[in-house]
Amino acid sequence: MPSAGDERMKTWFITGTDTEIGKTFSACALLRHLVARHQRAVGLKPIASGCERTPNGLRNEDALALMAAGNVPLAYEAVNPFAFEPPIAPHLAAEQVDVTIDPTQAASVLRGLTADWVIVEGAGGWNIPIGDGRFLRDLAGAFTREVVLVVGMRLGCINHALLSAAQIEREGFRLVGWVANHVDPHMLEQAGNLATLDELMPAPRLGRLPFQPAGTPAIQAEWTLP
């Protein structure tokens, strides 16, 4: 892993129980929380598909949101070095344009970076391939061994959360904690599911994010950071 510009810099890799369960929403909320605590915090999105063509090149709305939530300025290409236009699995998007996703290249942004916190958002869930026999774990490992799991609170979340947590730890990473993101306002027994996860997950709950309809102002999440 590249050496950071500041040895005190803490780097967390954000993954999720699935795609579209609020990794970016959670990462941005965490960044805003850190900034409010007068921390130097930066968000990264090394791999992004579904990017839009702009006069400045391909741009991804999640990467732009992370840039806006943090307070350490970086060039877009440093935040999102592997940007793909088709909204498909990253390894397939990379194949279409004959690009190799290189975790070491993505993590080179850490060299010389000065920050208190680096929040690195993954793509999809933990077990997705990124091409050339590599998986998301290879990208995570290029940055850090500390992982935060975003759990989309909906039917089936307990199974998905426990399987993801077990796989993360099985592969030699430290699950720092998990975040409950209430993606389904109509989920039955939300409190009961939350209590069950609090009991069964092998790491503490770091945050809880209420349901937020699209287009509404940012809601302050509940955070309990170590």
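Glu171 sits in the loop that links α7 to β11 (174-181); helices (H or I, at least four residues) and strands (E, at least two) are DSSP runs, numbered from the N terminus. This is a predicted model, where local features need pLDDT of at least 70, side-chain atom pairs count only at pLDDT 80 or more, and totals for chains, interfaces and linings use all residues. Residues are numbered from 1 along each chain as its sequence is written, and side-chain values use heavy atoms, with hydrogens and water left out.

Is Glu171 buried or exposed? With a relative accessibility of 19%, Glu171 counts as buried, the cut-offs being under 20% relative accessible area for buried, over 50% for exposed, and partly exposed in between (1.4 Å probe, protein chains only). Leaving out residues up to four places away in sequence, Glu171 touches Trp126, Asn127, Arg137 and Arg145; contact here means heavy atoms within 4.5 Å. One of those partners, Arg137, is 34 residues from Glu171 along the chain, with 8.0 Å between the two C-alpha atoms.

## α7 against α8

Helix α7 covers residues 157-170 and helix α8 residues 190-200; they pack at an angle of about 20 degrees, and their axes are 10 Å apart. Axes are lines fitted to C-alpha atoms, for helices over the stretch in contact, and angles run from 0 to 180 degrees between N-to-C directions. That angle makes α7 roughly parallel to α8: the label goes to angles under 35 degrees, with over 145 roughly antiparallel, 65 to 115 roughly perpendicular and the rest oblique.

Who meets whom? On the α7 side there are Cys157, Ile158, Ala161 and Leu162, and on the α8 side Asn193, Thr196, Leu197 and Leu200. Sorted by class, that contact has 6 nonpolar, 2 polar and no charged residues (Ala, Val, Leu, Ile, Met, Phe, Trp, Tyr, Cys and Pro count as nonpolar, Asp, Glu, Lys and Arg as charged, and the others, Gly among them, as polar). Arg170 also belongs to α7, and at 59% relative accessibility Arg170 counts as exposed. From Arg170 to Ala195 is 25 residues along the chain and 24 Å between C-alpha atoms.

Now to helix α1, residues 23-36. The buried residues of α1 are Lys23, Thr24, Ser26, Ala27, Cys28, Ala29, Leu30, Leu31 and Leu34. As background, an α-helix has 3.6 residues a turn, so residues three or four places apart point the same way.

The axes of α1 and helix α2 (residues 61-69) come within 8 Å and cross at roughly 10 degrees, so α1 and α2 are roughly parallel to each other. From α1, the contact uses Thr24, Ala27, Cys28, Leu31, Arg32 and Val35; from α2, it uses Asp62, Ala65, Leu66 and Ala69. The class tally for α1 with α2 is 7 nonpolar, 1 polar and 2 charged residues.

Strand β2 (residues 41-44) holds Gly43, which is buried at 2% relative accessibility. Setting aside residues up to four places away in sequence, Gly43 touches Leu31, Leu66, Val79 and Ile119. Gly43 and Leu66 are 23 residues apart in sequence, yet 5.1 Å apart in space, C-alpha to C-alpha.

## Loops worth a look

Most residues other than glycine have a negative phi. Glu20, in the loop between β1 (10-16) and α1, has a positive phi near 60 degrees and is exposed at 70% relative accessibility. His38 follows α1, in the loop between α1 and β2; its phi is also positive, near 65 degrees, and at 72% relative accessibility His38 counts as exposed.

Glu85 is in the loop between β6 (82-83) and α4 (90-96). With a relative accessible area of 34%, Glu85 is partly exposed. Residues up to four places away aside, Glu85 touches Gly50, Cys51, Arg53 and Leu58. Of these, Gly50 is 35 residues from Glu85 in sequence and 4.9 Å away in space, C-alpha to C-alpha.
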